[in-house]
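Subject: Structure handover

Hello,

Here is the structure I promised you. Please open it alongside this note, and read on for what turned up.

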Amino acid sequence: MIVIAGIGLALLVLTIIISLLLRRRLREKYATLWLLIGIVILVLAIFPGLLLGLSNALGVAVPSNLIFALALVLLVGVALHLSWELSQAEDEVRRVAEDVAIVRTEVDELRQAMGTDTGRQDPAPSADIPTADTDTAGRTDDES
Amino acid sequence: MPEHSERTLIIVPAWNESRNVGNTVREILDQFMEYDVVVVDDGSTDDTARVAREAGARVLVLPFNMGVGGAMRTGFTYAHRHGYQRAIQVDADGQHNPRDIPAVLAGLERADISIGARFADVGDYEAKGPRRWAMVFLANVLSRVAKTRLTDVTSGFRAANRRAIDQYVHYYPAEYLGDTVDSLVSAIHSGLSVTQVPVAMRPRVHGKPSQNPIGSTIYLLRSVFALSLALMRGRRGSTEVSA
């Protein structure tokens, strides 16, 4: 019974991970770790003798304690990894935000400079400069 | 107008400073035609950006609050891209007297980073207890690291030359105290030199300084933590600047 439950759990974990991967909800770099965990659970569930042998070899009296210990180590590792990734992501977001601030100011200034240079009003500039060089420049940018 | 290669940028980080930033910007622009002023609006919820723009500053608007460190790195990145040779931080709250700007900038002739240290008008800054211990402790340790006597390392009134700007763009921390202490340590580890210039600080016009016993103790602990991390980081990863 417990063996069946174990196999069921392992299969469930694997199915969830693979379906998340297929629907692109999970990046590969996170998925590999989880796939590995799922496979280890599956192997241990199919061959309970492995766990017994392993705990004997390591000198752990109760096999389930070995599972708990491994699970703890693993979860701490995963949490650390996520914190690390989050820090990376936060730094990237900050860089982007800084860039956006600078670029936005520069765009505003360019727009203003164009407006005053051509003596045109600011609103709807694209409507009345179809032949201006800015328009063709914009178009070539789009195509390239 | 000064030579293109000698342009100086004044960076004013501002977070919800609509009542002060206008005066600060006007005061700078009135006295110094030759400097460009850029206000970094650090995700303010009031109309800091509009006030600063109306006062005549160029304004960089950050989409959300990123702390002084984030605001300053934005300013330094801007300075870097636009080829400014010198940049100086001036706080929006009016505590830094614009009249001292040339003095702090003059310190760059001796070093890559010049700190405007508050000696004279210590009044407001003669903090008691833990906060004072923290400042003395930080100053002592950093003096040793910098191999020059520094008395006020948490001052935000500081100037940077081209080399320092390059280094700041590469690494300018945003964590607590990172914008002053950590940035200084990492700059020194990158081989930049530091000097300080005595300046007087003015009392805040609007808003209140955050000082209470518990806050000061936390300040002390965090400063020790921030400094230890910065020192342990050592020269690894911050050996970028060569030119």
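A helix here means a DSSP run of H or I with at least four residues, numbered from the N terminus. Please keep in mind that this is a predicted model.

Chain A

By that definition, chain A has five helices and zero strands. Read from the N terminus, its elements go α-α-α-α-α.

UniProt, in an unreviewed entry, lists residues 6–22, 34–54 and 66–84 of chain A under "transmembrane region". I can describe two of these spans. Residues 6–22 of chain A are 100% helix, and their end C-alpha atoms sit 24 Å apart. Residues 66–84 of chain A are also 100% helix. Their end C-alpha atoms lie 27 Å apart.

Chain A has 144 residues, and 16% of them count as buried. The chain exposes about 10700 Å². Carbon and sulfur atoms supply 68% of that area. Take the contacts in chain A with a separation of 6 or more: 44% of them come from residues 24 or more positions apart.

Most residues other than glycine have a negative phi. Where does R24(A) lie? It is in the loop between helix 1 (2–22) and helix 2 (28–46) of chain A. R24(A) is not a glycine, yet its phi is positive, about 60°. Is R24(A) buried or exposed? Its relative accessibility is 75%, and the cut-off for exposed is over 50%, so R24(A) counts as exposed.

In chain B, look at K147(B). Its phi is near 55°, again a positive value in a residue other than glycine. K147(B) lies in the loop between helix 5 (129–146) and strand 6 (158–161) of chain B. With a relative accessible area of 71%, K147(B) is exposed.

Strand 6 of chain B

Which strands join strand 6 of chain B? Strand 4 (residues 86–89) of chain B runs antiparallel to strand 6, with three bridges between them. Strand 5 (residues 113–118) of chain B also pairs with strand 6 in the antiparallel sense, over three bridges.

A160(B) features in both pairings. A160(B) is the bridge partner of A87(B), and I113(B) stands opposite A160(B).

Now the side chains. In a regular strand they alternate between the two faces of the sheet. In strand 6 of chain B, R158(B) and A160(B) point one way. A159(B) and N161(B) point the other way. All of these residues are buried.

Best wishes

Conventions: Residues are numbered from 1 along each chain as its sequence is written. Chains are lettered from A and ligands numbered from 1 in the order in which they are written. This is a predicted model: local features need pLDDT of at least 70, side-chain atom pairs count only at pLDDT 80 or more; totals for chains, interfaces and linings use all residues. Side-chain values use heavy atoms; hydrogens and water are left out. UniProt positions are given in the numbering used here, feature names are shortened, and annotations may be inferred rather than shown by experiment. Helices (H or I, at least four residues) and strands (E, at least two) are DSSP runs, numbered from the N terminus. Buried means under 20% relative accessible area, exposed over 50%, partly exposed in between (1.4 Å probe, protein chains only). Contact means heavy atoms within 4.5 Å. Accessible areas come from the Shrake-Rupley method with a 1.4 Å probe; for residues, only the protein chains shown count as cover. Two strands pair if DSSP finds at least two bridges between them.
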